[in-house]
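Please look through the structure shown here before reading on.

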Amino acid sequence: MSIPTVSIIIPVHNVAPYLETCLDSLLSQTFQDWEAVCIDDGSSDESPAMLDRYAARDARFKVVHQKNGGVSNARNTGLKLARGTYIQMLDPDDWAEPDMTERLLRMIESTHAELGVCGCFYHHTATGETGRRMPDKFSAGPDSVSVHGLDSRVTGNITFCVWDKIFRRSIIEQFQLAFQPGLKIGEDMKFIMEYLSCCHNIAFLARPLYHYRSGAGVTGKTRPVWERLSFQELLESLDVLDSLAGSTTGKLKGRRSRDFHAGLLQAVLMHRAYMKELLEGMPGRQLRRLLRRSHFPLPRLLLKSSFRPSMKSLLEFYIKNPLRTFLRQKRR
C-alpha cells in the first residue's frame, strides 16, 4: 500500500447535515495523493453510515468508529493512524476550496517551512452573512507567500485553529505533540503554541482556502458555557497555556525563546479576554471562585519575553480589561 503525501484528519460527531459537503470537498481536491482519516467519535446520528459509504466508494477514506471521547481524543486517534508526510485537519461541518491541499503543499515544500497557513472564509449560519480572514499582516498582496521566523509578531497574530494550516508529521512525532484530552476550550490553541515552539519558519499564503461554518455543530450550542461545563473543565480551559510559560516542547533558547514567550503572553491575554466573554452572566460568587483558583503566569512570561512587545500587549489588554479582573487570584 502506497504512502499518501497528505493525511487529512476529520473528527466526526453528530454532524450529518453538513458532513457530505465536507467529504465532497476532499473528492474535489486538485491534489489527489491524500488520505482522509475520519474518526467517528461515538456519533448517534447518520454520520457513521455516511462515513462508511464514502469509505466503500473511495479507499482513500479511512474510517474509525470509537466511543465518544471528545474532539481532542478523536484528533489524537487520527494523528496515530496518519501515514502522510504532511497533516491537515478539517472540521466536519466545514469544507475546503478545491485547491486548498495543493496550494498549502506547494507552499510548505517550496519554502521548506515547518508550518503553512492560509486565509479562510467565515459563514454565519444564523444570519447568512459571510466574511473572510486573511493573514494580511504577513502578506505583500493577494496570493502572495511570505515566510517568517519565529518572532513575537507571528506568535502574537497567528490564528489559533488547526483547520487553516498544514503541519509536518515528522515534527509532531519527534516532539510527541498531541491534543490535551478532555480539554473543552482552547485545545487548538495549546496544540498550535506547542507546535510553534518547534518551528523555525512559518509560511503564510494570502488567499482564503477554507470555509468555516459558524453557528453549526459545536459552535451552535445555545446554553452558556458556564452552564455546560464543570468547574474543573472551566478552570482547565482558563489555564490552558499556563504549562507553556515554564517550559516549551521545542526547547527554545536565546532570542527564539524570548520571542516565543512574547507571543505566548499575547496568546494568554487574548485567550483570557475570550474566556471573559464566554463567562459573561456567570454568577458572581462562582466567577470569583474560578478566578481565585486560576493561575495567571504574568511574571514568568514577562521575564522570559522580549520586553517591548510584551509590555505593549499588556497595556493594550488592560485598557480593555480591568486589572482586578484577572489578577485577583490565590496562590495554590
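Predicted model: local features only at pLDDT ≥ 70, side-chain atom pairs only at ≥ 80, totals over all residues.

Residues are numbered from 1 along each chain as its sequence is written, and side-chain values use heavy atoms, with hydrogens and water left out.

The secondary structure comes to 14 helices and ten strands. Helices (H or I, at least four residues) and strands (E, at least two) are DSSP runs, numbered from the N terminus. Of the 332 residues of the protein, 54% count as buried. Here buried means under 20% relative accessible area, exposed means over 50%, and partly exposed is in between, with a 1.4 Å probe and protein chains only. A contact means heavy atoms within 4.5 Å. Among contacts between residues at least 6 apart in sequence, 83% join residues at least 24 apart.

Helix H9 can be followed through two helix pairs. Two packed helices are described by the angle between their axes and the distance between the axes. Axes are lines fitted to C-alpha atoms, for helices over the stretch in contact, and angles run from 0 to 180 degrees between N-to-C directions. H9 (residues 231-238) packs with helix H11 (residues 284-293) at an angle of about 50 degrees, and their axes are 10 Å apart. That angle makes H9 oblique to H11; angles under 35 degrees count as roughly parallel, over 145 as roughly antiparallel, 65 to 115 as roughly perpendicular and the rest as oblique. The crossing of H9 and H11 is right-handed, a term that applies if the near helix is turned clockwise from the far one by less than a right angle, left-handed being anticlockwise. H9 contributes Phe231, Leu234, Leu235 and Leu238 to this contact, and H11 contributes Gln286, Arg289, Leu290, Leu291 and Arg293. By class, the contact of H9 with H11 has six nonpolar, one polar and two charged residues. In this classification Ala, Val, Leu, Ile, Met, Phe, Trp, Tyr, Cys and Pro count as nonpolar, Asp, Glu, Lys and Arg as charged, and the others, Gly among them, as polar.

The axes of H9 and helix H10 (residues 254-278) come within 10 Å and cross at roughly 150 degrees. On the H9 side the contact is made by Leu234, Ser237 and Leu238, and on the H10 side by His271, Arg272 and Met275. The contact of H9 with H10 divides into three nonpolar, two polar and one charged residue.

The next topic is charge pairing. A search of the whole structure finds twelve salt bridges, each being a side-chain nitrogen of Lys or Arg within 4 Å of a carboxyl oxygen of Asp or Glu. One of them joins the side chains of arginine 83 and glutamate 35 (3.1 Å, N to O). Arginine 83 is partly exposed, at 23% relative accessible area, whereas glutamate 35 is buried, at 2%.

Another salt bridge links arginine 207 and aspartate 99, with the closest N and O atoms 4.0 Å apart. Arginine 207 is in strand E10 (residues 201-214) and aspartate 99 in the loop between strand E5 (95-96) and helix H4 (100-111), so this pair ties together parts that are 108 residues apart in sequence. Arginine 207 is partly exposed, with a relative accessible area of 25%, and aspartate 99 is buried, with 16%. Salt bridges that share partners join Asp99, Arg103, Asp143 and Arg207 into one network.

Strand E10 also holds leucine 205, which counts as buried at 3% relative accessibility. Leucine 205 and serine 144 are 61 residues apart in sequence and 5.9 Å apart in space, C-alpha to C-alpha.

Asparagine 14, in the loop between strand E1 (6-12) and helix H1 (16-27), has a phi near 50 degrees, a positive value in a residue other than glycine. Glutamine 176, in the loop between helix H6 (169-174) and helix H7 (187-196), also has a positive phi near 50 degrees. Asparagine 14 is partly exposed, at 30% relative accessible area, and glutamine 176 is exposed, at 69%.
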